[in-house]
Amino acid sequence: MEAVKAENLTVTYRGYVAISDVTFSLEEGTTLLLLGPNGAGKTTLLKTIAGIHSEYAGRVLVFGKEPWRARENISYVPQSHTLNESVPLTALEVVAMGALYRSGFLHRKIPEEIEEKGTRALKFVGLPGIQDKLFRNLSGGQKQRVLLARALISEPKLLLLDEPLSALDPSARAEVTGVLRKIKKRRGLTMIITTHDINPLLEIGDRVMLINRRMVAFGRPDEALKDEIIKAVYGPMARAIKVEDKLYCITGDFHVFKRGGGR
Ligand SMILES: Nc1ncnc2c1ncn2[C@@H]1O[C@H](COP(=O)(O)OP(=O)(O)OP(=O)(O)O)[C@@H](O)[C@H]1O
Ligand SMILES: [Mg+2]
């Protein structure tokens, strides 16, 4: 079955066209890497698929339904997390929120069943024993992994991750990449991951989409990441190179790549 299907999808903000005429479909169980320069519409596309933004023309279906009707099957981890860190939540409380939101109310005390699930989810992301630590005191990589645990606790069929590696140092990036690899292996779910830093994620991407308001390429990594396509999106200095059968994209030196930048 198709997890996501878009036909002539044009997404606007009060008439301003952020994404124009995008058509693609994504099979259930596959991982899509969504690439493009700043302002290309990556976050907009994720929000539209998540059912959070619905000013669009054309069609988009998630598991055959309009996105907002498929919400219980979707988890979305925003670009820069919007947790209010002045509230002293523990790691476990943050994870539990992923399950409690769904039931439509917040308990003062976390139900035992959710506590167990949360503890298991934290173990899964490689953070056993961190339950009672304050979220705001964790490192960037730990925070991102807690947010992944929170996204997984509701057992979504579609996981949408906006720049999960941005603003992380190389070792934290490796930790998070390891968890993403594990998620892909252990749960047969569909993922869409936006990233500026494609190289560490290339091996988990079954499909790659390049957008720059319009869809420039969509396909298997080796099909989509051709030198001329990379140049069309990122400018003449960018290139795709192959080293010992591994594909790398060099796009990093452009100002459009301000790391961690976002709205
Ligand atoms: N809430 C909004 N209201 C109006 N315009 C918006 C809004 N959000 C985004 N846009 C505009 O839509 C376009 C696409 O933005 P979007 O955030 O989707 O890009 P992006 O590819 O995620 O960029 P980045 O790499 O910086 O995260 C941009 O021109 C942006 O200014
Ligand atoms: Mg974005």
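Student: Let me start with one residue: does Ala224 count as buried or exposed?

Tutor: Ala224 counts as buried, because its relative accessibility is 2% and the cut-off for buried is under 20%. Keep in mind as we go that this is a predicted model. Ala224 sits in helix H6, which covers residues 221-224.

Student: How far apart are Ala224 and Pro200 in sequence and in space?

Tutor: They are 24 residues apart in sequence, and their C-alpha atoms are 17 Å apart in space.

Student: Let's step back to the whole chain. What does the radius of gyration say about the protein chain?

Tutor: The idea is to set the value beside the one a compact globule of that length would have. For 263 residues a compact globule would be near 18 Å, and the protein chain has 18 Å, so the two agree. Along the principal axes, the C-alpha atoms fill a box of roughly 55 × 40 × 35 Å. Of the 263 residues, 50% count as buried. The chain has seven helices and eleven strands.

Student: Now the ligands. How many residues surround ligand 1, and which are the closest?

Tutor: There are 14 residues around ligand 1, the closest being Asn38, Gly39, Lys42, Thr43 and Thr44. By type, the shell divides into five nonpolar, seven polar and two charged residues.

Student: Which polar atoms lie by the oxygen atoms of ligand 1?

Tutor: Look at both backbone and side chain. A polar backbone atom of Ala40 is 3.1 Å from an oxygen atom of ligand 1, and for a polar backbone atom of Gly41 the distance is 2.9 Å. Thr44 brings in its side chain, with a polar atom 2.5 Å from a ligand 1 oxygen. On its own, ligand 1 has 640 Å² of accessible area, and the protein covers 74% of that.

Student: Which elements give two or more residues to that shell?

Tutor: Those are strand E2 (16-27) and helix H1 (42-50). H1 gives the most, with three residues.

Student: Which backbone atom lies 2.6 Å from a polar side-chain atom of Thr30?

Tutor: That is the backbone oxygen of Glu27. Thr30 belongs to the loop between E2 and strand E3 (31-35), and with a relative accessible area of 15% Thr30 is buried.

Student: Where do Asn8 and Phe63 sit?

Tutor: Asn8 is in strand E1, residues 2-13, and is partly exposed, with 46% relative accessible area. Phe63 is in the loop between strand E4 (56-62) and E5, and counts as buried at 7% relative accessibility.

Methods: Residues numbered from 1 in each chain as written. Chains lettered and ligands numbered in written order. Predicted model: local features only at pLDDT ≥ 70, side-chain atom pairs only at ≥ 80, totals over all residues. Heavy atoms only, no water. Near = heavy atom within 4 Å. Polar contact = N/O pair within 3.5 Å; in protein donor to acceptor, adjacent residues only side chain to side chain. Areas by Shrake-Rupley, 256 points an atom, 1.4 Å probe, with all protein chains shown as cover. Helix = DSSP H or I, 4+ residues; strand = E, 2+ residues; numbered from the N terminus. Nonpolar A, V, L, I, M, F, W, Y, C, P; charged D, E, K, R; others polar. Rg over C-alpha atoms; globule rule 2.2 N^0.38 Å. Buried < 20%, exposed > 50% of the residue type's maximum accessible area, 1.4 Å probe, protein only.
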